[in-house]
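User: I want to learn how to read a nonpolar core and a sheet. Could you walk me through one case?

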Amino acid sequence: MKQEKIDILMKKIDRKCKLPKYWDEFIEEHSSHHHLIIKDSKTKELFCTHCEKTFNDKTVKVRDYVVCPHCKKELKVYGMNYYKKYFIQSVILVQRMDKQIVIRVFEIYSYFKDNDKKITRHCIEYARILPKIGKFIGNNVAIGMYGDMVVYHGYKELQWYKYRGQRHFTNYPTYPYNKKRLIKSTNLEYAPIAEFLDRFSYYGYNYLDALQLAAYESFELLWKMKLYNLCFYSKTLNKSGSFQKRFGVPKSFLSFMQEKNITYKDLQLLQLFQKADIQILQKYKWININYLKVLVKEQILDEFESAGNSIDCTNMTVLKEIGKFIPLRKLKNYPKGLKELYIYRDYLKMAKELTLNYKSKKDLFPRNLIARHDKLQKRIKVDEDMETQFAAYLRYLELSKYTYKDDKYIIFPAPSIDDLKDEGDQQENCVYSSYTQPYIKGETEIYFIRKLDDIKHSFITLEYRYGRVSQKELSHHSKDFTEEQLEFIDKWAGFRNFIEQKEKYNNKQKTKVIKYNLKKMVA
């Protein structure tokens with residue numbers, strides 16, 4: 001929806017949807033807990049902001065919870081900095097505009113003015129939901145980098161914009177409304193909303209959540225077809241035309257879809273493979289559908305899996321890099337390349353760096369891949385000027401916090417260019433020729449695993465990328481690891497993740513937060 005149409009629609013709501021008669025009482029009711037007890041630092045008297053009466057109790061301390069003897073409210077005790085305290089509470093108003101349901105979300109903001117012990121309240125609208133049309137958010141809302149949302153109350157006239165976030169905005173106290181009257185004479189009047197909520201009660205959906213799904217005509221159709229799990233995707237499946245056009249599969253699949261009560265992910269798999277096969281649904285249930293689409297489109301799925309590759313982010317990224325050099329479907333007839341994805345990727349990259357411009361089949365798909373790979377890596381020379389050496393040293397300092405050892409092994413980042421070269425020579429791999437630049441540029445992490453009783457000799461070379469161990473090799477590209485070695489690598493990965501999360505938490509705690517004086521911003 002274009003912004004011009006949004007502006008017209010929102011102004012129409014402003015004109016036609018007035019606040020109900022008892023709205024102020026509703027606001028008062030749902031902010032009644034916005035009170036506290038103020039302790040005077042000199043007289044030690046306690047003042048209840050709810051009943052606005054004082055009482056004495058010398059045993060009470062700041063931050064205690066105390067029951068006011070006058071109004072019987074249990075409230076928290078604050079000292080003379082009480083004026084910094086404020087309360088917020090969102091509430092919902094559901095209305096009709098012609099045949100359109102309008103869900104309006106407001107925030108109550110309760111605060112103290114300077115040197116005043118009385119609570120002041122302000123209520124402002126900040127979100128609107130129009131089933132079948134979309135969600136909209138006001139320009140009085142700021143969304144932080146961690147998804148936190150702040151509503152500012154200094155606005156008299158709002159501008160509205162399409163909201164593309166994930167918040168539902170419906171889990172708040174709602175002004176009383178008649179459900180039957182709300183949906184009467186709309187396409188929602190006979191929608192199986194109650195049945196949907198009863199069947200999926202464990203999802204925690206409320207009536208307003210269900211309204212947004214039921215606003216699409218496909219919702220009722222999907223329910224009648226007994227495709228209950230697909231009702232959550234009523235918007236996506238709200239298409240006209242034949243069964244094939246709506247679901248992307250033949251109508252002969254219907255009985256299978258009903259019997260298995262398929263999910264939307266199941267439907268995507270049926271569309272991709274065009275087979276009503278429960279084994280396919282079970283096998284690829286947790287696999288990223290976009291990864292599968294690439295493999296199926298390139299006709300290499302079976303060969304890719306037969307080579308022992310897992311369908312994950314790391315391997316798909318390597319495939320994407322290989323695809324820059326050759327059409328991926330050609331890998332179907334090159335099992336060596338599929339089995340050694342990383343080596344083949346590095347072979348193609350080194351060939352390009354050496355400007356060999358391979359075009360023949362024997363060069364693009366060498367019979368002895370590892371031998372050709374090793375031959376190219378010996379021809380690669382890395383620029384070892386002072387700047388590169390210094391960059392490698394800085395990278396080592398950055399990653400050294402992830403150094404880890406047990407009673408037998410130690411793992412540490414590559415300390416220098418010379419160490420990368422030595423590792424490549426000892427292991428006979430391309431860590432020096434192919435990974436030096438990505439390492440010093442921060443695109444990947446390279447670690448050495450050594451035995452504590454033989455620290456000078458290379459043992460295992462490891463690459464950490466995309467939040468996981470992406471490669472690990474013994475000498476001569478061997479992957480014949482023992483259980484002990486794999487267990488050590490798993491322990492290190494857990495340790496590394498712990499250090500990383502701890503550092504993120506500490507950085508977040510140190511982040512300077514700018515606090516606005518909301519009291520002065522209130523209209």
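Analyst: Start with one residue and its neighbours. This is a predicted model. Leu230 touches Leu222, Leu237, Phe247, Met257, Ile262, Thr263, Tyr264 and Leu267, leaving aside residues up to four places away in sequence.

User: Which residues have the most contacts inside the largest nonpolar core?

Analyst: A core is a set of buried nonpolar residues joined through side-chain atoms within 4.5 Å. Here the largest has 96 residues. Leu230, Phe247, Met257 and Tyr344 have the most contacts inside it. Helix H15, residues 341-353, supplies the largest share of this core, with eight residues.

User: What does the second, separate core include?

Analyst: That core has 31 residues, among them Val431, Ile446, Ile449 and Ile489.

User: Now the sheet. What is the strand order?

Analyst: Read order and direction together. The open sheet has five strands, ordered E6-E7-E8-E9-E12, and the pairing is antiparallel. Strands E6 (86-97) and E12 (160-162) each have a single partner strand, so one side of each lacks a neighbour in the sheet. From one strand to the next, the twist averages 30°.

User: How many bridges join E8 to E9?

Analyst: Strands pair if there are at least two bridges between them. Four join E8 (residues 119-130) to E9 (residues 134-138), and the two strands run antiparallel. As one example, Ala127 has Ile137 in E9 as its bridge partner.

User: Which helix packs on the sheet?

Analyst: Helix H5, residues 207-214, does. H5 touches E6, E7 (100-112), E8 and E9. The direction of H5 makes about 145° with that of E7.

Technical notes
Residues numbered from 1 in each chain as written. Predicted model: local features only at pLDDT ≥ 70, side-chain atom pairs only at ≥ 80, totals over all residues. Heavy atoms only, no water. Axes fitted to C-alpha atoms, helices over the stretch in contact; angles between N-to-C directions. Contact = heavy atoms within 4.5 Å. Buried < 20%, exposed > 50% of the residue type's maximum accessible area, 1.4 Å probe, protein only.
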